[in-house]
Amino acid sequence: MEFSRDRVRRALAESQHEHETSLPRWRESLARAFDPDTDATDEEKSRLLGLPDRRTFFRVGGVTLAMSAVVAACGKSKVKQIAQTGTTTTTAKGATTTSPYNRSTDTSYLRTAQSIEVLAVETYQSALDSGLVKTASVSDTIKLFQSQHREHNDLLARTVQGVGGQPYTQANAYLKSTVIDAAVAALSDERSVIVLAQQLETVAANTYTMTGGVFTTAELRQTALSIGGTEGRHMAALNELLELPPVPTAFMPTRNAVGKKGYISVT
Amino acid sequence: MSDRIRRLVDEVDEQHREGMRTIADHLATAHFDETDAARAASRRRFVRNLGLGGAVAVGGAVVPVSGLVGVASAQTTATTVVLPASDLQTVVFAQGLELALVAAYTLAVDLVKLETKVAEVFRLFGRHHTEHATALGSLAGASKVTTPNAALVSSLTPQIKALTDEAAATKFMGSLEQGAAATYLTALGTLQAFESTAPVSTILPIEAQHATVLGELSAQPVSEWMPAFQTTAGAFSPSQYPA
């Protein structure tokens, strides 16, 4: 895999200015529109994402729709996520410490993570099979990321077994049916493939970041972020390929983590 | 000052201001996203504590929640949370590390002849570390530090002064970012409170992204900057660099 240094540098310079002029307001608009407490309709959200002067990031053919669906499928939900029992305790000092262990919660998160990894592997394969990827460096990038997602899934499967659970072997059905299938069908060129990959990696990285705050054991939090760090790296590399700021924020968000409808139960 | 330089300075400042505006949002999301039962419970506990006059601060850091949590602070002027002592130690160490990284970037920009665009990357990443330090300082409360980790700065300064060119500087800063990401992964093995693990989990991937960008810029092997897993190898340790 090889990225052009000149391209990276050009992208950094150009994107800084673009970032300054558009991203803060754009982010605020998105936050307002997708805040679960607002009354924005799906149509309004889609219109916001498809504004003609927004970044090309959101304007790659059918991927505009895909991005809208990703955001709608992920992020905040008004309904609580999977049931958790006894996951928090209050210390005498007032801090909210993680519980000693909650098998069902942790296993569900692990299996959900597996489902995302499988989805990524399958989606990347669809992208490779589409014939739309023409550039060797892009093809190499996708193949590397795909192989790393396989490794992630293998680690997660062992971890699930380690906590006495049954590894999950299917792609995340919710994300697949609501987002990915349509997005893959709408792929039109190499750039649209990269955009889809970037969105997948964003969901993955946001999800692992979120689990770092909810897994009930330190070992599982380490496992999650040993993967989440790499998903963040994938995001940065794909941002570079798209000539976007490779590291656009100082903190990894969690708002695009997979939502409750995408959770995989323990059994 | 040329227009180009002025614009770059403005951009960095805007980045910083934007970051400062969103820190509370990021941390509020990390701490109290209502989609997560555990964190929602944490938020409810914060709110409940308000009626009890706030948490009792014994043996740990008193955190001014008004600076951290938009949701909770919207309902009152301030309350507090106390981290376990071991978490506090880790958070303070991490804050000193972040400030040392800020100093390292500043020194590198000052001493090494860098292309404008590379210098811009260094400044941006330095700003990110400033924001991390600010967030961690908020967590550390009264125990926060205001100066970089002295032992680490002492170690890094001669190494940075010895950097001869841009490639060496980019490679070196990339190694520091790798170390920072490894440090946070190590920290996740000991942190106990959600108030600590959540923000650390939002910082680690950013250090990893920095390492990727700098590794690629310095033409390091792909395996160096795009590993399948983040590891704890090369982590900065409090025993080596006492806070």
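**Notes on a predicted two-chain model**

1. Let's start with B:Ala219: its relative accessibility is 58%, so this residue counts as exposed (over 50% relative accessible area is exposed, under 20% is buried and in between is partly exposed, using a 1.4 Å probe and protein chains only). B:Ala219 sits in the loop between helix H8 (194-217) and helix H9 (222-225) of chain B; helices here are DSSP runs of H or I with at least four residues, strands are E runs of at least two, and both are numbered from the N terminus. Although B:Ala219 is not a glycine, its phi is positive, at about 60 degrees.

2. Some housekeeping: this is a predicted model, with local features needing pLDDT of at least 70 and side-chain atom pairs counted only at pLDDT 80 or more, while totals for chains, interfaces and linings use all residues. Residues are numbered from 1 along each chain as its sequence is written, chains are lettered from A and ligands numbered from 1 in the order in which they are written, and side-chain values use heavy atoms, leaving out hydrogens and water.

3. Chain A has a positive phi to look at too. A:Glu243 has phi near 60 degrees and is not a glycine either. You'll find A:Glu243 in the segment after H8 of chain A, and with a relative accessibility of 33% it counts as partly exposed.

4. Next, the place where the two chains' H8 helices meet. The axes of H8(A) and H8(B) come within 8 Å and cross at roughly 45 degrees (axes are lines fitted to C-alpha atoms, over the stretch in contact for helices, and angles between N-to-C directions run from 0 to 180 degrees). That angle makes H8(A) oblique to H8(B); under 35 degrees would be roughly parallel, over 145 roughly antiparallel and 65 to 115 roughly perpendicular, with the rest oblique. Residues in the contact include A:Gly228, A:Gly229 and A:Gly232 of H8(A) and B:Ala208, B:Ala211 and B:Thr212 of H8(B); contact means heavy atoms within 4.5 Å. By class, this contact divides into eight nonpolar, seven polar and four charged residues (Ala, Val, Leu, Ile, Met, Phe, Trp, Tyr, Cys and Pro are nonpolar, Asp, Glu, Lys and Arg charged, and the others, Gly among them, polar).

5. Within chain A, helix H6 (residues 173-185) and helix H7 (residues 190-211) have axes that come within 11 Å and cross at roughly 160 degrees. H6(A) is therefore roughly antiparallel to H7(A), and it passes H7(A) in a left-handed crossing. On the H6(A) side the contact uses A:Leu175, A:Ile180, A:Ala183 and A:Val184, and on the H7(A) side A:Leu196, A:Leu200 and A:Val203. The count there is seven nonpolar, no polar and no charged residues.

6. A:Thr123, in helix H4 (residues 103-129) of chain A, is worth a click. At 4% relative accessibility, A:Thr123 counts as buried. Beyond its neighbours within four places in sequence, A:Thr123 is in contact with A:Ile180, A:Val184, A:Leu196 and A:Leu200.

7. Last, the rings. Over all chains there are five aromatic pairs (Phe, Tyr or six-membered Trp rings with centres within 6.5 Å; planes under 30 degrees apart are stacked, over 60 edge-to-face, the rest tilted). A:Tyr109 and A:Tyr263 have ring centres 5.4 Å apart and planes at 65 degrees, so they pair edge-to-face. Both A:Tyr109 and A:Tyr263 are buried. Ring pairs join A:Tyr109, A:Phe215 and A:Tyr263 into a cluster.

Definitions and conventions:
A crossing is left-handed if the near helix is turned anticlockwise from the far one by less than a right angle, and right-handed if clockwise.
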